[in-house]
Amino acid sequence: MKTNFKADALIFDIDGVLLDVTRSFPEVIRQAVFGGWEKFCGGISDTPGYNAGHERVLKRHGAFNDDYDIAWTLLSMAAASGEKLLSKALPSPERLYSELEDCRAPSHEWAAARYGALVPRRDVRELCAELYGGKGYGLHLLEKPMIKMHWKELGLPAAIYSGRNDLEWELGKESLGWEDFPDELIINSDSGITKPSPEGLEILCRRLGAASPVFFGDTASDMQAQAAFGRGRFAAVGHLLPEAEFRYDTTEEAVRASVAAGLLTDAR
């Protein structure tokens with residue numbers, strides 16, 4: 001299907017869109033929950049814990065755009081159970097889905113109100129940052145680009161709206177080969193603006209002079225940010241959002257469809 005929509009800018013999420021993070025951030029969460037259960041909670045880690053089922057529930061929930069807070073929230077849930085073994089304390093994906101029914105962004109405020117200060121959030125976040133960004137050993141080294149083109153070669157002005165912080169973006173742009181990407185064209189968590197707020201899209205469109213951007217994302221918070229923004233189109237990359245109107249298997253496919261003849265093509 002084709003529409004008469006004419007894109008005038010391309011705005012990207014990073015994780016799962018520009019970079020394949022399947023071997024980095026999910027593993028950060030898993031290791032932080034596994035190690036943090038003993039280190040911060042005095043429990044016994046008798047199971048790997050975090051799995052693909054948990055990942056799907058959380059990434060389809062619009063409040064969870066910060067992987068470090070995912071680890072902290074899961075540890076808080078487990079600590080509140082009163083169980084010693086991680087296998088019994090960590091909620092199953094099914095129970096997690098039910099538990100999150102009334103959760104709204106920002107997720108860390110919801111978790112603190114619901115479970116209290118059972119687990120030190122700052123310490124968990126520092127552990128996650130070390131696991132991800134450790135020099136010479138961090139899990140960021142396992143990330144791979146999902147797009148071969150340089151940002152200047154995309155065919156339309158480009159910007160980035162991501163939940164990463166400044167340090168994570170520094171590591172990410174090295175992996176992408178986008179070291180020269182303009183600082184003013186990225187909104188990340190250190191700006192104080194996070195998805196699913198549409199504010200990042202609003203600011204970037206003003207800076208680009210754009211009115212009809214395509215926003216490329218892969219999670220519920222991305223799709224919700226675009227919906228709240230109310231202009232342009234959302235292009236879902238991957239298979240996490242089958243309900244998205246425009247969905248593509250790869251980022252390069254999505255970009256080609258968005259740029260070609262100024263039309264966005266539904267590739268389903």
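**Close-up 1. Trp178 and Phe181, two buried residues.** Both Trp178 and Phe181 are buried, meaning under 20% relative accessible area with a 1.4 Å probe and protein chains only. This is a predicted model, where local features need pLDDT of at least 70, side-chain atom pairs count only at pLDDT 80 or more, and totals for chains, interfaces and linings use all residues. Residues are numbered from 1 along each chain as its sequence is written, and side-chain values use heavy atoms, with hydrogens and water left out.

Close-up 2. The structure holds 10 aromatic pairs (rings of Phe, Tyr and Trp, the last by its six-membered ring, with centres within 6.5 Å; planes under 30 degrees apart are stacked, over 60 edge-to-face, the rest tilted). One of them is the stacked pair of Phe12 and Phe216, at 4.7 Å centre to centre and 10 degrees between the planes. Here distant parts of the chain get linked: Phe12 belongs to strand β1 (residues 9–12) and Phe216 to strand β6 (residues 213–217), 204 residues apart. Strands are DSSP runs of E, at least two residues, numbered from the N terminus. Phe12 counts as buried because its relative accessibility is 0%, and Phe216 is buried at 0% too.

**Close-up 3. Back to Trp178 and Phe181, now as rings.** Their centres lie 5.8 Å apart with planes at 15 degrees, so this pair is stacked. Ring pairs also join Phe12, Trp151, Trp169, Trp178, Phe181 and Phe216 into a cluster.

**Close-up 4. Charges over rings.** Lys195 has its charged end over the ring of Tyr161, 5.7 Å from the centre. For a charge to sit over a ring, NZ of Lys or CZ of Arg must be within 6 Å of the ring centre and within 35 degrees of the ring normal. Arg121 lies over the face of Trp72, 6.0 Å from the ring centre.

Note on methods:
Helices (H or I, at least four residues) and strands (E, at least two) are DSSP runs, numbered from the N terminus. Buried means under 20% relative accessible area, exposed over 50%, partly exposed in between (1.4 Å probe, protein chains only).
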